[in-house]
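Open the model in your viewer and keep the selection panel handy. We will walk from charged side chains to aromatic rings, one stop at a time.

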Amino acid sequence: LLGIVLSAVALSACQKTQPGMQHVPTEIDASTACSLDGMTLADYPGPKGQILFAGQPKPTYFCDTVELFHTVLQPEQVKAIDAIFVQDMGQADWVKPQGRWIDAKTAFYVHGSKRAGSMGPTIVSFAVKANADKFASEKGGKVFKFADITPEMADLCGGGMPDSKM
């Protein structure tokens, strides 16, 4: 009996520590706004993202995956993250993406494509590597895993040159 109890406790502890397993993405609606710039997510094309920070009851939304990566990869990011979700653009409509949320850490990403998101150049998310490879061959760019995205790739300048005359 003691062995059964210890096994059950160990199993429940393992289940609680698996990232993303106890959390599900929240669908956006017409009023869902980006936490960084206030843009309404439903009004813009391309992949969206959401982060559920530890202790936060609702997700923080991003109108573009570039913003999501910019937030996650900043050295000053010290908040614990329970889950990160992005949209599978192999399944979602580019112009009005809805649903199709996937675990961001298991997704494949295309960086450097000709396709623009809400912030200009974007990092396009896919659940299946073959879909990412196909997109990259058609639209340009290179396929990366989550861990391979760098802060330099998450540039929020939108491809523009900053004003250096001020």
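How many residues apart are E138 and K134 in helix α3? They are four residues apart, so about one helical turn separates them. Before you go on, keep in mind that this is a predicted model.

**Stop 1: helix α3**

Select E138 and K134 and show their side chains. The two form a salt bridge, with 3.9 Å between the closest N and O atoms. That distance counts because the cut-off for a salt bridge is 4 Å. Colour by accessibility and you will find both E138 and K134 exposed.

Stay in the helix, which covers residues 129-139, and pick K129 and D133. These two are likewise four residues apart, about one turn of the helix. Their side chains meet in a salt bridge as well, at 3.1 Å from N to O. K129 has a relative accessibility of 40% and therefore counts as partly exposed; D133, at 34%, is also partly exposed.

**Stop 2: the aromatic rings**

Now switch to the rings. The count of aromatic pairs comes to five. Among them is F69 with F146, a tilted pair with 5.3 Å from centre to centre and 40° between the planes. This pair links distant parts of the chain: F69 belongs to helix α2 (residues 65-72), while F146 lies in the segment after β7 (142-145), 77 residues apart.

Y109 sits in strand β5 (residues 108-117) and F146 in the segment after β7, so the pair ties together parts that are 37 residues apart in sequence. Y109 is buried, with a relative accessible area of 0%. Show F69, Y109 and F146 together: they form one aromatic cluster.

**Stop 3: a charge over a ring**

What sits over the ring of F53? The charged end of K79 does, 4.8 Å from the ring centre.

Technical notes
Residues numbered from 1 in each chain as written. Predicted model: local features only at pLDDT ≥ 70, side-chain atom pairs only at ≥ 80, totals over all residues. Heavy atoms only, no water. Buried < 20%, exposed > 50% of the residue type's maximum accessible area, 1.4 Å probe, protein only. Phe/Tyr/Trp six-rings, centres within 6.5 Å; stacked < 30°, edge-to-face > 60°. Lys NZ or Arg CZ within 6 Å of the ring centre and 35° of its normal.
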